[in-house]
Amino acid sequence: MLISVNWLRDYVEIPDSLDVRALAERLTITTAEVEGVEHIKTGASGLIAARVVSIDPVEGKPSLKKVELDLGGKSARVVSAAPVLRVDELVVFAPPGASTLESGKIESTTVADLPSEGMILPGSAIGIPASDKDAIFCPPSMKPGESIDAKMLDDWVIEIDNKSITHRPDLWGHYGIAREVAAILGKPLKPYPVVDLEKLSDKKQSEVPITIDDANRCPRYSALKMTGVRAQAAPLWMQTRLGHVGLRPIDCLVDLTNYIMADLGQPMHAFDGSKIECIEVGLASDGNTFTTLDGIERKLSSEALMIQSNRKSVALAGIMGGLESEVAGETQTILLESANFEASGIRKTCAALGLRTDASARFEKSLDPNNTVLSIQRFVHLASAEFPELQMASRLSDAYPNTLADITVEVDPKLVTRTMGHPVNEKQMTDILTAIGFGVESKGGKLSVKVPSYRATKDISIPADILEEIARNVGYDNIVPRLPEVQVRHFTANPQHITERNALQAFCMGLGYSEVHLYIWYDEEWLKRLGFKPVAGPVLINPSAAGQAQLRCSLMPGLLQASDRNRFHADAFKLCEVGTVFREGPDSRNQSRHLGLISAKRGKGGDDDLFAGLKGDIETWAWQTLGGDLQYEHASKNAAAPWTHEHKTANIVAKGTTIGTVSVCPLALRRNIDEHLSAWSIAWAEVDLDLLHDFKVESKSLRRVPEHPEVEMDFSLLIDAGSPYATVNENLARFDDPLLRRVTYVGAYEGKSVPTGKRSLTYRVLFGSPERTLGEEDVSAVKASFEKHIGSCGYELRR
Amino acid sequence: MDVGELQQTLSKLHQEAKADLAATKTLDELRSVRSKYLGKTGSVGSLMGTIKDYPPKQRGEVGKTLNSANKAIGELVNEHTERIGSAEVAADAATSTAFDPTLPGERSRLGSVHPVTAVQWEVEAVFERLGFTIEAGPEMETDYYNFEALNIPPMHPARDLQDTFWLKNGMLLRTQTSPVQIRAMEKFGAPLRCIVPGRCFRYETIDASHENTFHQVEGLMIDRNVSIANLIAVMKLLLNEVLQREFEIRLRPGYFPFVEPGFELDIACLICNGKGCATCKRTGWLELLPCGMVHPNVLQAGGIDPNEYGGFAFGLGLTRLAMMKFGIRDIRVVNSGDLRNLVHSDRWAGPVILDKD
Ligand SMILES: [Zn+2]
């Protein structure tokens, strides 16, 4: 929202010596965020009003007109490009010798071979947004030749971030901002200038009948009928101010309502008084249509609140008037609406219609119902200066079925001081609150604070709200930072946090993986390339892009996509993601934290090495995290997802629980993604980290150095290729001899020296005794008996 | 052979050994020359076995002759051992132009955490040192925890500011880490000190400075007598530690339904040190984090008596902080999975000699 400093000066004395930027900074830290400050400098001098006497075309130049002007005793001929001019209208004119920053010094010149003695000034020269009229029209109260006071044209404009005042209905107008400025500067706020309608109205006149069907949606509706208005320009000071705050001047009546909206924050609507006899406020019928004054026919739902007259809709309440009852050029009587509408109803209707206006934006903030009458009083005050024939055509009609309750908040000054962490005495508190319109009474050590109506609609209701008023006016920068004094308390560690930090530390700070963060929704296009149809999972109503609605149930599609991206820039890489996967069902428990790993390398036939390397990484992590070994189970052959290999897939088992899967990407999948990937090897693993939360890290005793030397020997076993590792282990473990201390796995081999259909597993065996050093005979005896055991298991020794 | 011949042979062998040894360059060569002459089967060594072939009278002399020849060659070997040894020591110590001690080393490829994680851990470390626990919460959240319990009833205008990803199952993707405030209050009660790092989601159009998926860290401290002065002190400490610089900060009013009063916390612009520049829109300040004193309704929703306890809460944008700290200019990098943008590759590849970026 834009705030004109000239405008503020109507209500509070702002010293000329005060830098507006400094004032803006103070506003930012005490009230609302200022986004920018602009100095409007027009450099205008010598401007006068001029009456259009005649308008003639310029031959061969359709965009130009020959205009004769009455300058009050003198006349001037100019060639003008202003598109909308009418005879007898008054315009702002820059005669030779006048100047503005935009146009420079005006001189008599020749345009299209015609003399041009001056310039009909465009709005942009004095900070009014460009309009289709592109001339500035003066009100009829001005005389040709009358000079224009340049002082009102120069201004400072402060831009306030709308988001920072969503909770402050009072700040949507200059008077509310002026109240804050007055408090900041320690100056009095001038009373709001209005007229007393009682004095003006004729007691014999009737009221405009108002019926409100839904007092919740419309707590108050005030209206006044007036005659003696006409289409004319608003006073220049008003046009200038409106222009400076981004509202285009249109016509005195419209400008007046806009001015009051920007002044007090109260939207008003002027109906053509000849078309409205009474007011009914009620809900629309579902499916009805209504044409708003922008000419658009809108379909209504039964939630839309309508203003009707004799059951004929005339306005979309609080949002926009209707086309039919719009004030037109010939209007002489208006019915002025100044109402209060409930915020959320306006919000819902706006959302349903996809229509937001300056008025609705304000009603959405819960406006002060006391402003309805106040703004009518203000309107009459301003309008009577512009329309000499203005007369009341009705008494003030004011239906107020839903009165705003008074709010008084009891505040403990000690609590305020304690919560601020800064000493403030009762007098300071009282002064601060009084300056911004609160009533304060001291009662038995407590402050009884009466909230003004413009803060009472929803903004302020509890002591913490009052505290904020005090604290922000004391100034947060005056509070001295101090670390809290606390009681030590022990919190049980969050297992999710610990598990995830451990996993990332192991994989990404030692094992060579690079952590990535990927989106939590699937990309259908990508899934198609993978040939993957996910099981049902949670689906977004409003996805960020088409085909990205389903939430992921596995990290692998995303990681494969990232792999496909990275293969262009590296010959080998390892990726790691810790992220959430989802299951269908309206329960926040239907999600788990997974660990996803990828190890990829350019080159065919690297599967087995990558697979073994990846498993080794997982085992290293398991040692760090769980303090022990993992097991693998050959996973069943019905491959679950296309990235799972039919054969080279194992379940990862920790302490009897399957916690994940490790596999390699089959060639078929790699080809589906891209033919280039057929020359790559990719191993992957996915682990459900939530399953690890209950695992306790074992602290195993370290092995003692044997007192008597032990003898180490390697045995390579030839076994049937199909015979699983776990079975071999079980068989070896059955060997029971007091001299056997330890058997460890060394490695597997399939190759030249191993017959087809077989593979070789090598184990390292330690023989020894805690009591004595073994002799050669002991060793050969136990070795022989171990070899015999191997034979009895059906395994051959590879020599 | 008779003794005279033997002496001749030995003298010849001595000469040969002398020449062979002189030609040796390494200790290995020397060892093989040594065994060629002195080994069991060597030319001198093998002669030792012939002593018994001489008549007993001569055996003493032969033995002496052989021993002294053996010893003489042994001494030669020792001389040359020393020669080669000192030559090797000298060579080891000599300057080699082929060896540049200033070349970079060979680096281990240890891996890398995401820039956001790196910053997250720094934040966690600061708060752990202050006795805060680290909590976690679900990304698929209920309306209750994400909005209602945080004093944002249906149709509240604050819902507009947080465009939400809604799920067909009635849940939503959390728009902030704040729902974990309530979850933590329910879990621990008061007093409570926790932070919650995590991912949040907003239905927003993505561009260089907007993402629909980003990280925040929520902070919550509830105790008796927690003050605004405490909040400022903790925030100042956090930022100074994470950014490794002393910063000016300021609080100004900010509206968030779950705090009262609510603040926006600004830090003095990192680029211009508060003088005003394009980055800070000439204000000298950068908006960094929203914070405030926990609203009584929120305490109540978390089962804590607002008459007894109060506290502060804040929500720090981790993604923004990571971008500031690592100079990431385009937020889209963060979720791209493209390692070129996420990893200091020179950490592994080798030092950068020239960088025109
Ligand atoms: Zn700056």
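Arg593(A) and Glu139(B) form a salt bridge, with their closest N and O atoms 3.2 Å apart. This is a predicted model. In it, chain B and chain A have five salt bridges between them. The two chains bury about 7200 Å².

**The interface**

- The size of an interface is often given as the accessible area lost when the parts come together.
- Between chain B and chain A, that area is about 7200 Å². Carbon and sulfur atoms account for 58% of it.
- Chain A brings 89 residues to the contact, and chain B brings 86 residues.
- Polar contacts link 39 residue pairs across the interface, counting pairs with both residues at pLDDT 80 or more.
- On the side of chain B that touches chain A, helix H9 (residues 228–243) gives the most, with eight residues.
- That side of chain B holds 44 nonpolar residues, 21 polar ones and 21 charged ones.

**Strands that pair between the chains**

- Strand S28 (residues 513–515) of chain A pairs with strand S1 (residues 111–112) of chain B.
- The pairing is parallel and runs over two bridges.
- Which residue of S1(B) is the bridge partner of Ser514(A)? The partner is Ser112(B).

- Most residues other than glycine have a negative phi, and most peptide bonds are trans.
- Pro191(B) sits in the loop between helix H8 (179–188) and strand S5 (192–201) of chain B.
- Pro261(B) lies in a strand, S8 (residues 259–268) of chain B.

- Where is Arg311(A) placed? It is in the loop between strand S19 (305–309) and strand S20 (312–316) of chain A.
- Arg311(A) has a relative accessible area of 52%, so it counts as exposed. The cut-off for exposed is over 50%.
- Asn225(B) belongs to the loop between strand S6 (213–223) and H9 of chain B.
- Asn225(B) is partly exposed, because its relative accessible area is 46%.

Technical notes:
Residues numbered from 1 in each chain as written. Chains lettered and ligands numbered in written order. Predicted model: local features only at pLDDT ≥ 70, side-chain atom pairs only at ≥ 80, totals over all residues. Heavy atoms only, no water. Contact = heavy atoms within 4.5 Å. Buried area = accessible area lost by both parts, 1.4 Å probe. Salt bridge = Lys/Arg side-chain N within 4 Å of Asp/Glu carboxyl O. Polar contact = N/O pair within 3.5 Å; in protein donor to acceptor, adjacent residues only side chain to side chain. Helix = DSSP H or I, 4+ residues; strand = E, 2+ residues; numbered from the N terminus. Nonpolar A, V, L, I, M, F, W, Y, C, P; charged D, E, K, R; others polar. Pairing = 2+ DSSP bridges. Buried < 20%, exposed > 50% of the residue type's maximum accessible area, 1.4 Å probe, protein only.
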